[in-house]
Amino acid sequence: MENLRIDGERLWANLMETARFGGTDDGGVRRLTLTAEDREVRAWLEARALAAGCSVSRDRLGNMFLRRAGRRDDLAPIAMGSHLDTQPTGGKFDGILGVLAGLEVIETLNEAGIETEHPIMLVNWTNEEGSRFAPAMLCSGAWAGVFTEDYVRARTDAKGISFGTALDAVSAAGEAPVGAEDFAAMFELHIEQGPVLEREELTIGVVTGVQGMRWYDLDLTGRAAHAGSTPMDARADALLAASGLIRGASVIASRLGGYATVGELTIRDPSRNVVPGALSMTFDLRHGEDAGLEAMESDLKAQIAGLEPGISADLRQIWSSPPVHFDPGCLASVREAAKSLGHRDMVSGAGHDAAYVARRAPTAMIFVPCAGGLSHNPAESATPEDCAAGAQVLLDALLIHDRRITAPAEAAA
Ligand SMILES: [Zn+2]
């Protein structure tokens, strides 16, 4: 079992073959959830899973569960998977790598005639990207109990088509109640979508969790005034105040290992010869730990409190998502599987289905490098060697974990 190797060429061929479903002239993939292209790739996966001897079930939101029986078939399955949908300007790897690597694991086990103790479940989560129907990770969220089935079905796309209508149009829904499946564990392989592994020339990221996020709106009000006749010491310049806050947030984020971004800033009634009197801006703060988020927020508040008296501020937190910490047992299995490869622990900056799955089941993620850290772009790219290494770690982690969580008495039974 220790020398069991996945077939990297077959995995690569499957990645290239499935890139046809929604393939674009620039080499990218545009496969929005619950479209004709999504239906085609789902049918392809289902056919391959059936050919590999899996039983196939779908829940009422179109989440796909492809199950390979275990020796102890009464145990909850160990799951693997990710998503098949893409952004409008998507590539060949984001999401689908984790699904096709799971298929590769199953086909490798079949060829070697290996029976695992736990059943294995390959999952395709519907609507991860959140680009056709917001929010993102909609149906893994529903599985985890974060969203109700009615809420999901009522989401609408830019044309006003509801998720429920789109789901029915491509006949993607099944009979299974949402959330009926329990997992003994779940492993998600994904491209990093950042530059760290490539920069450090490492093959595997052991993803220990997902960053928490806090979003704020801030209104700053000073006093609009003539740009020529208002002395510098007599101004209440809202933009000058904002620039200090942006700089300050950047400094504290760098110091604490977090991220701070001002992505939107709108000056009210802007004019080149008027001192900016009022503006609205956003803050996006991210950190792997609650304490880090807390420290960044209190620093921002302290800076706002310290603004000059002529500037008034109104800060509102409009959304937050707590940091996710993956399961130590699952992480130990991934580390063990990756031990012969260059690897490091890391925290995901992007959201993933695994973040919601972790609310219900022991979960971990595996990252492989992508060129330039680029994703959500037609040029998104990963090497055949790195994809194969990721699938190999997925297989090994699954086998290690299967043994680790099976009690000796059960294994011998
Ligand atoms: Zn993804």
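Predicted model: local features only at pLDDT ≥ 70, side-chain atom pairs only at ≥ 80, totals over all residues.
Local features need pLDDT of at least 70 and side-chain atom pairs count only at pLDDT 80 or more, while totals for chains, interfaces and linings use all residues. Residues are numbered from 1 along each chain as its sequence is written, and side-chain values use heavy atoms, with hydrogens and water left out.

H1 covers residues 8–18 and H12 covers residues 384–404; helices here are DSSP runs of H or I with at least four residues, strands are E runs of at least two, and both are numbered from the N terminus. The axes of H1 and H12 come within 9 Å and cross at roughly 110°, where axes are lines fitted to C-alpha atoms (for helices, over the stretch in contact) and angles run from 0 to 180 degrees between N-to-C directions. That makes the two helices roughly perpendicular (65 to 115 degrees; under 35 is roughly parallel, over 145 roughly antiparallel, and the rest oblique). The crossing of H1 and H12 is right-handed, meaning that the near helix is turned clockwise from the far one by less than a right angle, with anticlockwise giving left-handed. On the H1 side, Gly-8, Leu-11, Trp-12 and Leu-15 make the contact, and on the H12 side Pro-384, Cys-387, Ala-388 and Ala-391 do; contact means heavy atoms within 4.5 Å. By type, the residues of this contact come out as seven nonpolar, one polar and no charged. Here Ala, Val, Leu, Ile, Met, Phe, Trp, Tyr, Cys and Pro count as nonpolar, Asp, Glu, Lys and Arg as charged, and the others, Gly among them, as polar.

H1 also packs with H2 (residues 36–51), at an angle of about 150° and with the axes 11 Å apart. H1 and H2 are therefore roughly antiparallel to each other. In this pairing, Arg-10, Asn-14, Glu-17 and Thr-18 of H1 meet Val-41, Trp-44 and Arg-48 of H2. The contact of H1 with H2 splits into two nonpolar, two polar and three charged residues.

Next comes the metal. The zinc ion has His-83 (NE2), Asp-94 (OD) and His-190 (NE2) as its protein donors, at 2.0 to 2.2 Å; donors are N, O and S atoms within 2.8 Å of the metal (3.2 Å for Na, K and Ca), and water is not among the atoms, so sites may look incomplete. Along the chain, the donors follow the spacing H-x10-D-x95-H. His-83 sits in the loop between strand S3 (78–82) and helix H3 (96–112), and His-190 in strand S5 (residues 185–191), so the pair ties together parts that are 107 residues apart in sequence. Both histidines, His-83 and His-190, are buried (under 20% relative accessible area; exposed is over 50% and partly exposed in between, with a 1.4 Å probe and protein chains only).

A few backbone details are worth a look. The peptide bond from Ala-134 to Pro-135 is cis, with omega near 0°, and Pro-135 is in the loop between strand S4 (120–124) and helix H4 (138–143). Gln-193 is not a glycine, yet has a positive phi of about 65°; Gln-193 lies in the loop between S5 and helix H7 (196–199).

Finally, Leu-218 lies in strand S7 (residues 212–221) and is buried, with a relative accessible area of 0%. Leu-218 and Ser-280 are 62 residues apart in sequence but 5.7 Å apart in space, C-alpha to C-alpha.
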